[in-house]
Amino acid sequence: MNLRADADGMIKESFAAILPDAAVRRALAGHTFGGGRIVLVAVGKAAWQMARAAADTLGERIDCGIVITKYDHVMEAIPRVTCMEAGHPVPDENSFAATEEALRLTEHLTAEDTVLFLLSGGGSALFEKPLIPAAELMDLTEQLLASGADIVEMNTIRKRMSAVKGGRFAAHCAPAHVFSIVLSDILGDPLNMIASGPAHPDASTAADAHAIARKYGLRLSPAARALLDTPLPFSLPNVEAHITGSVRELCAAAAAAAERRGYAPVLLTDRLDLEARAAGQFLACIARTHAADCVSTAYIAGGETIVRLMGKGRGGRNQELALAAADGIAGLDNVAVFSVGSDGTDGPTDAAGGYVDGGTAAALTREGRSAAAALAENDAYPALNAVGGLIITGPTGTNVNDVALVLIRGRSSREQ
């Protein structure tokens with residue numbers, strides 16, 4: 001029985017099953033795009049993978065294009081497409097420069113032209129032309145990341161500070177047709193919130209934005225506060241959007257990978273949306289309840305947890321979730337809990353997530369550490385690193401939220 005090997009194999013197979021290539025090809029199949037130019041704009045953590053699939057499908061029909069993705073996510077050159085890397089989760093000067101290039105490529109288009117807009121999570125930072133000073137935008141982004149706000153709350157604020165979010169990019173492209181293929185990284189797949197909705201009418205209100213600012217005590221300049229009231233496009237007749245990929249597909253892929261290894265998969269939820277450490281503690285409770293069962297089982301929870309930054313450590317939401325389960329499963333030799341981000345990066349680290357089992361708590365003690373102390377400082381990365389609990393995959397080419405699993409090897413399996 002090697003729970004870690006099972007976990008690593010399941011992660012690898014699950015991520016391979018949800019790459020956006022086939023979905024992008026399906027969305028493009030049979031579409032002629034008229035006789036005008038096709039300008040490709042791909043934005044997000046999965047932008048390069050999506051753009052390559054589009055280029056393989058359309059070939060020389062693409063006139064020109066740009067990929068804007070996270071650092072170290074460009075794998076190789078794509079014909080007729082400029083690939084640029086930029087900052088995430090906080091936008092940087094490269095984010096602004098790349099966005100200006102995308103705006104340049106898509107200006108002065110005609111009604112016969114098409115902007116092929118490939119969008120994935122991470123675009124809120126990567127695709128940005130701020131309406132407030134750059135330093136103020138970066139500070140606001142860091143405030144939101146530290147506050148514990150969920151992604152919808154964050155994007156409700158961020159889109160109002162931007163010249164390309166909240167449907168403004170699609171408005172810029174008019175009268176050209178915008179054919180948008182969207183890889184969803186938000187629960188419920190709200191097009192107006194994924195990457196802050198650059199090509200979709202806004203569904204939030206100024207009242208929503210003000211309420212979020214009050215809820216988290218955001219420090220806003222008078223100019224930024226005034227932008228909360230600025231109306232966003234409510235109708236974009238030039239846009240055709242196609243959702244492809246979601247956390248539901250990730251959960252299904254994880255279930256199939258678990259079943260191949262002899263675990264009976266049980267989907268707990270594909271809408272996990274609470275603090276990471278609370279999620280980890282809950283999964284540990286499930287593990288303790290079922291640890292003595294005869295049947296090997298994989299309990300699956302997909303979604304996106306949140307972290308409220310109280311300390312100054314290093315980690316990410318998936319690492320916090322896993323570490324928070326360590327004490328609850330201590331001593332159980334047939335149980336593991338792990339959580340990973342489908343994009344291969346968890347917070348500002350090189351890890352995709354974290355893994356713990358029944359021996360992790362004791363291993364931490366031997367290292368002079370504890371899960372509780374690390375969590376108090378939001379310092380999951382070094383704690384997990386000390387006991388071999390980091391999961392490192394590198395960039396995966398996709399981005400459809402996170403998945404966490406409880407693996408339990410049943411009594412009959414252990415006795416064989």
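## Helix H2 and its neighbours

The buried residues of helix H2 pack against H3, strand E4 (114-119) and E5. Contact here means heavy atoms within 4.5 Å. Helices (H or I, at least four residues) and strands (E, at least two) are DSSP runs, numbered from the N terminus. This is a predicted model, in which local features need pLDDT of at least 70 and side-chain atom pairs count only at pLDDT 80 or more, while totals for chains, interfaces and linings use all residues. Residues are numbered from 1 along each chain as its sequence is written, and side-chain values use heavy atoms, with hydrogens and water left out.

Which residues of H2 (residues 21-28) are buried? They are Asp 21, Ala 23, Val 24, Ala 27 and Leu 28. Buried means under 20% relative accessible area, exposed means over 50%, and partly exposed lies in between (1.4 Å probe, protein chains only). Looking down the axis of H2, you would find its buried residues within an arc of 170 degrees, so they line one face of the helix. The arc is that of the directions from the helix axis to the C-beta atoms. Just after H2 comes Gly 30, with a positive phi of about 80 degrees.

## The parallel sheet

Now follow the strands. Strands of a sheet pair through backbone hydrogen bonds, either parallel or antiparallel. Two strands count as paired if DSSP finds at least two bridges between them.

Gly 65 has Val 81 as its bridge partner in E3, while Leu 40 stands opposite Gly 65 in E2. E2 is mostly covered, with seven of its seven residues buried.

## The mixed sheet

Another open sheet has six strands in the order E7-E8-E12-E9-E10-E11, and its pairing is mixed. Strand E7 (264-272) and strand E11 (390-391) stand at the edges with a single partner strand each, so one side of each is left without a neighbour in the sheet.

Strand E8 (residues 297-303) and E12 pair in the antiparallel sense over seven bridges. Within this pairing, Ala 301 stands opposite Ala 404 in E12. Helix H12 (residues 276-290) lies across E7, E8, E9 and E12, at about 25 degrees to E12. Helix H13 (residues 317-325) also packs on the sheet, touching E7, E9, E10, E11 and E12, and its direction makes about 10 degrees with that of E10.

## Salt bridges across the chain

Side chains of opposite charge can pair when their charged atoms come close. A salt bridge is a side-chain nitrogen of Lys or Arg within 4 Å of a carboxyl oxygen of Asp or Glu. How many salt bridges does a search of the whole structure find? It finds 19.

One of them joins the side chains of Asp 6 and Arg 409 (3.5 Å, N to O). This pair links distant parts of the chain, 403 residues apart: Asp 6 is in helix H1 (residues 3-17), and Arg 409 is in the loop between strand E12 (402-408) and helix H17 (411-415). Asp 6 is buried, with a relative accessible area of 13%, and Arg 409 counts as buried at 15%. The side chains of Lys 45 and Asp 343 also meet in a salt bridge (2.5 Å, N to O). Lys 45 lies in the loop between strand E1 (38-43) and helix H3 (47-58), and Asp 343 in the loop between strand E9 (335-341) and strand E10 (353-357), so the pair ties together parts that are 298 residues apart in sequence.

Key
Axes fitted to C-alpha atoms, helices over the stretch in contact; angles between N-to-C directions.
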